[in-house]
Every structure is written in structure tokens, then in C-alpha cells.
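Here is a friendly walk through one protein chain, from its overall layout down to a few single residues. Have the structure open beside you as you read.

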Amino acid sequence: MEKSETGNTYAKLANKAYLKPSHLKRHEFIHTGERPYACPYCGRRYNQQCNVTSHLKNNWCRKAPNRPEKKKITRKRKNKQTKTRMELMLSLMLSL
């Protein structure tokens, strides 16, 4: 951690300046790959606490107790008794 002439703390790797050392520490997690914040339900880890919060708020966590159930999407199947246009034309031609 180094300070510039203006008093800002800055990172050497990213060439960015921060007013508070805590902001620099938070930024360094990007470069180090450290993920100190974990989801309490599924254990997925993040480099910032706000990412854990959005993980829970947006219902991305499948193990969270307050997550609403997803509705199963069912597709309508074609009725086997209905004939396609081509089949109808063939049957008409054969009957002639």
C-alpha cells in the first residue's frame, strides 16, 4: 500500500487511487482471487459482501429457505391422432 502526493492510497497493479485504505483492500481481492464472503446457505464465495446480498435477494441461491418454488414448464405434446397436412394430401391422393 502506498500513498500518493495527494494523500490517496493507490494500488500498483491496477493503477487506481482510493481515498480509504479499506477500499484498496476490497479492490485487491480482485487481483488476489481471495473470496472471504460466503453465502450462509450454499457456501458459494464472493469477493465483496454486496455480491452475497444480491445473490440472496435475487433468489440465485437454490438452498435458501425463503426462495420461491419455480413452476415447472410443461410443453403440449402433439396429439398422435391429428394428421399433418402432408399426410392428409397423401391419403387423398391414394384414395383416388
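## Ground rules and overall layout

Helices (H or I, at least four residues) and strands (E, at least two) are DSSP runs, numbered from the N terminus. This is a predicted model, in which local features need pLDDT of at least 70 and side-chain atom pairs count only at pLDDT 80 or more, while totals for chains, interfaces and linings use all residues. Residues are numbered from 1 along each chain as its sequence is written, and side-chain values use heavy atoms, with hydrogens and water left out.

The protein chain holds three helices and five strands. Read from the N terminus on, its elements follow the order β-β-β-α-β-β-α-α.

## Surface and burial

How much of the protein chain is buried? Of its 96 residues, 15% count as buried, where buried means under 20% relative accessible area, exposed means over 50%, and partly exposed lies in between (1.4 Å probe, protein chains only). The accessible surface comes to about 9100 Å², and 53% of that belongs to carbon and sulfur atoms. Accessible areas come from the Shrake-Rupley method with a 1.4 Å probe; for residues, only the protein chains shown count as cover.

Contact means heavy atoms within 4.5 Å. Among the contacts in the protein chain with a separation of 6 or more, residues 24 or more positions apart account for 1%.

H1 has twelve residues and reaches 16 Å from its first C-alpha to its last, close to the 16 Å expected at 1.5 Å a residue; the expected span is 1.5 Å times one less than the number of residues. Just after H1, Gly33 takes a positive phi of about 80°.

Why does Phe29 count as buried? Phe29 does so because its relative accessible area is 9%. Leu24 and His27 are also buried in H1. Leaving aside neighbours within four places in sequence, Phe29 is in contact with Glu34, Pro36, Tyr37 and Asn47. Asn47 is 18 residues from Phe29 in sequence, and their C-alpha atoms are 5.9 Å apart.

## The annotated domains

The UniProt annotation "domain: C2H2-type", from an unreviewed entry, covers residues 15–36 and 37–68. UniProt positions are given in the numbering used here, feature names are shortened, and annotations may be inferred rather than shown by experiment.

Over residues 15–36 the chain is 55% helix and 14% strand, with the end C-alpha atoms 23 Å apart. Over residues 37–68 the chain is 28% helix and 12% strand, and the end C-alpha atoms are 24 Å apart.

Cys50 lies in helix H2. Cys50 counts as partly exposed because its relative accessibility is 45%. Between Cys50 and Tyr37 there are 9.3 Å in space, C-alpha to C-alpha, at 13 residues apart in sequence.

The loop between helix H2 (49–57) and H3 holds Asn59. Phi of Asn59 is near 60°, a positive value in a residue other than glycine. With a relative accessible area of 31%, Asn59 is partly exposed. Ala64 lies in the loop between H2 and H3 as well, and Ala64 is buried, at a relative accessible area of 10%. Ala64 and Cys39 are 25 residues apart along the chain, and 9.2 Å separates their C-alpha atoms.

Which residues form a nonpolar patch on the surface? Met86, Leu90 and Met93 do, with about 350 Å² of accessible area together. Patches are made of residues with over 30% relative accessible area and no salt bridge: like charges are joined within 9 Å, nonpolar side chains (Val, Leu, Ile, Met, Phe, Trp, Tyr) within 5 Å. A salt bridge is a side-chain nitrogen of Lys or Arg within 4 Å of a carboxyl oxygen of Asp or Glu.

Leu90 is found in helix H3 (residues 85–95). At 46% relative accessibility, Leu90 counts as partly exposed.
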